[in-house]
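Open the model in your viewer and keep the selection tool at hand. The tour moves from one selection to the next.

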Amino acid sequence: MAADKLENVKLLETSKKENTEILRKYWPKLGNKKEYDGSGWQLDILKNSIIFSPYSYDALLKNAEELSENYKSDIPSGNLLGLLIALKEGKKSYFKKAINVIGSKGDN
């Protein structure tokens with residue numbers, strides 16, 4: 001979502017095989033021998049392209065604002081916006097709340 005306008009990068013499938021083609025367009029090293037699988041080195045390529053360019057965090061944030069948050073039924077959609085804003089603004093309370101929610105699930 002940081003690589004281009006949302007209309008060009010939105011994922012309409014949940015299949016890694018289908019979505020690998022979109023990743024390959026912007027990050028040719030990803031999925032060039034097999035489907036994208038989210039390995040550490042692949043995630044580093046994505047992260048570094050946003051932190052050090054050519055893609056921007058602000059573009060990622062803008063595209064996330066345009067996504068539906070109803071990720072259980074809408075495609076494309078996601079719950080990424082809150083996380084991105086918390087990271088940008090340094091909202092520690094967001095992460096404390098997430099830690100509490102995760103911790104309480106382990107108590108069951």
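Select Tyr55 first. In this predicted model, its relative accessibility is 15%, so Tyr55 counts as buried, the cut-off being under 20%. Tyr55 sits in the loop between H3 and helix H4, which spans residues 57-66.

Is Trp27 buried or exposed? Trp27 has a relative accessible area of 11%, so Trp27 is buried. Look for Trp27 in the loop between H2 and H3.

Show both side chains together. A pair of aromatic rings is described by the distance of the centres and the angle of the planes. How far apart are the ring centres of Trp27 and Tyr55? The centres lie 5.3 Å apart and the planes meet at 75°, so the pair is edge-to-face. The two residues are 28 residues apart, and the pair links distant parts of the chain.

Ring pairs join Tyr26, Trp27 and Tyr55 into a cluster.

Next, select Ser49. Where does Ser49 lie? Ser49 is part of helix H3. Ser49 has 6% relative accessibility, so Ser49 counts as buried. Leaving out residues up to four places away in sequence, Ser49 touches Trp27, Pro54 and Tyr55. Both rings of the edge-to-face pair, Trp27 and Tyr55, are thus on the list of residues that Ser49 touches.

Move to helix H2, residues 16-26. Which residues of H2 are buried? Colour Asn19, Thr20, Leu23 and Tyr26: these are the buried ones. Turn the view to look down the axis of H2. The buried residues fall within an arc of 120°, so they line one face of the helix. An α-helix has 3.6 residues a turn, so residues three or four places apart point the same way. Tyr26 is also a member of the ring cluster.

What do the buried residues of H2 pack against? They pack against helix H1, residues 6-9, and helix H3, residues 40-51.

Go on to Tyr94 and Phe95. The two form an aromatic pair, again edge-to-face. The rings are 5.2 Å apart centre to centre, with 75° between the planes. Tyr94 has a relative accessible area of 33%, so Tyr94 is partly exposed. Phe95 comes to 30% relative accessibility, so Phe95 counts as partly exposed as well. The structure has 4 aromatic pairs in total.

How many cavities of 30 Å³ or more does the structure hold? There is 1. The largest cavity has a volume of about 40 Å³. To find the spot, select Ala64, Leu67, Glu69, Gly78, Asn79, Leu80 and Leu81, which line the largest cavity. The lining divides into 4 nonpolar, 2 polar and 1 charged residues.

Finally, zoom out and show the whole chain as a cartoon. Count the elements: 6 helices and 0 strands. From the N terminus on, they run α-α-α-α-α-α. Colour by burial next. Of the 108 residues, 23% count as buried. Among contacts with a separation of 6 or more, 34% are between residues 24 or more positions apart.

Conventions:
Residues are numbered from 1 along each chain as its sequence is written. This is a predicted model: local features need pLDDT of at least 70, side-chain atom pairs count only at pLDDT 80 or more; totals for chains, interfaces and linings use all residues. Side-chain values use heavy atoms; hydrogens and water are left out. On a 1 Å grid over the protein atoms alone, a cavity is a set of points where a 1.4 Å probe fits but cannot get out, and a pocket is an open set with protein on both sides within 12 Å along at least five of seven lines; lining residues have an atom within 4 Å of a point. Grid points are joined across faces, edges and corners, and a volume is the space filled by probe spheres set on the points. Ala, Val, Leu, Ile, Met, Phe, Trp, Tyr, Cys and Pro count as nonpolar, Asp, Glu, Lys and Arg as charged, and the others, Gly among them, as polar. Buried means under 20% relative accessible area, exposed over 50%, partly exposed in between (1.4 Å probe, protein chains only). Helices (H or I, at least four residues) and strands (E, at least two) are DSSP runs, numbered from the N terminus. The arc is that of the directions from the helix axis to the C-beta atoms. Contact means heavy atoms within 4.5 Å. Rings of Phe, Tyr and Trp (its six-membered ring) pair if their centres lie within 6.5 Å; planes under 30 degrees apart count as stacked, over 60 as edge-to-face and the rest as tilted.
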